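Keep the viewer open as you read.

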Amino acid sequence: FFPKELLLCIFFLGLQIECLSHCLELEKHPTYVAVVNSIFLGATKNKVVFNNSINLPISNCFESLGLYDRNMKVVIGCYDGSLHGWESTASDTVSIEEKVEKLELTFAYSAHRSCTKCIALMTERNGDLMASGGTDEVIRVYNLKTKREIGELDRHTDQILSLEFIGRKHLISGSMDGGLCLWQTKDWKCVHTLKGHKPGPVTGIGVHPSGNVAFSTSSDNSLRMWDLTSGRPASRNRLRDFKQLGLPTWSLNGDTYSVVGDDRTVLIFSIDNENGKPEASIVYRSRVNATCFLGNDFLATGCEDGTVRIVNLGGDEVAQLDCSENSRVRSMRSLSAPNNDALILVVALSDGVIQFWKIPSDPKQSKKLNLKTKYLPLIILF
């Protein structure tokens, strides 16, 4: 007979090996990627939607990046319901190449019983507060600093498709059941249930940088504005040329926003245009899976054919990034590089590859960073 202590050691060693194997498998087929450069300045915070399920809190002012010693974080959600997170141990004064080289795997959560559809990270808490939603109809909330689950929110009756934090006090969620819920973070109570879309999925939510209003998209071809201070509808823009809208996103200054109609047409709007008509309309041959504003002047679109097209606000294509010939662009996020010399676009591909692109003021000069990042398996289970 073996001593109990030896048996316990063998058991936990086998568990860690199994978890490590599982963890390595999770690097394949990400459903989305979230990148947080957890630097902020001023009272208003900006959140940008980069695809139909992922919300990225980022700095309201890129120039504030070098003022805080915070680390880059990358979070991946997978089809099997798991979450993977990496964090950089480098300071913000080093180059972006060095920051990415020092990304280390810090957690792997089995969050949902099936596909993880969306994620949100709170900027005010250095990205340490995270919420995820899945096809199991549950929203799970985590404290990434303590590596503990805070709890779960189960108000929705169908799969969760969109999540966004609104400042420090609220979280908004959209579901396949056609409803939106506004949660307060102090006690995680649902303070408002927003209804207005016809029965069908809420395909996306975009929160204005001020945090006062948001718009949502659905399969009822309407773009609805919501007053988040009162929890009431503000307006509706009916786009009758499309059966379904999705992928809503705001520019950093909140003057421009975009949506995707019927998966292939990108519409760019200006808040100064009161007639609700788009300033530009771009039709793609390939399905659009992700959108992302690069600052205030350019919009990046990630396509099914493995390319990222960068257009100006007039809809003219200024650059094309050839990310892959054999896989799809699933998600994109952007963050500022040290010294504000460029933007960094993080692209998640369907084959499990994550790419980092350096986007200068002239997107034609964009280049992919050839990095050899070693992800260290630090697995945290609970």
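This is a predicted model: local features need pLDDT of at least 70, side-chain atom pairs count only at pLDDT 80 or more; totals for chains, interfaces and linings use all residues.

**Cores and charged pairs**

Glu304 has a relative accessible area of 29%, so Glu304 counts as partly exposed. The side chain of Glu304 meets that of Arg328 in a salt bridge, 3.4 Å from N to O.

Now turn to another set of charges. Arg140, Glu149 and Glu152 are linked in a network of salt bridges. The closest N and O atoms are 3.0 Å apart for Arg140 and Glu149, and 2.8 Å apart for Glu152 and Arg140. Glu152 belongs to strand β10 (residues 148-153) and Arg140 to strand β9 (residues 139-143). Arg140 has a relative accessible area of 14%, which means it is buried, as the cut-off is under 20%. Glu149, at 32%, is partly exposed.

The largest nonpolar core has 17 residues, including Leu294, Val308 and Val347. Strand β28 (343-349) supplies the largest share, four residues. Val347 touches Val308, Met332 and Trp357, among others. Apart from this core lies another of 16 residues, among them Met122, Ala131, Val141 and Cys190.

Finally, look at Leu182 in strand β13 (residues 180-184). Leu182 is buried, at 3% relative accessibility. Its contacts include Ile166, Cys190, His192 and Leu228. The C-alpha atoms of Leu182 and His192 are 5.1 Å apart, although ten residues separate the two along the chain.

Definitions and conventions
Residues are numbered from 1 along each chain as its sequence is written. Side-chain values use heavy atoms; hydrogens and water are left out. A nonpolar core is a set of buried Ala, Val, Leu, Ile, Met, Phe, Trp, Tyr and Cys residues joined through side-chain atoms within 4.5 Å. Buried means under 20% relative accessible area, exposed over 50%, partly exposed in between (1.4 Å probe, protein chains only). Helices (H or I, at least four residues) and strands (E, at least two) are DSSP runs, numbered from the N terminus. Contact means heavy atoms within 4.5 Å. A salt bridge is a side-chain nitrogen of Lys or Arg within 4 Å of a carboxyl oxygen of Asp or Glu. Lists of a residue's contacts leave out its neighbours within four places in sequence.
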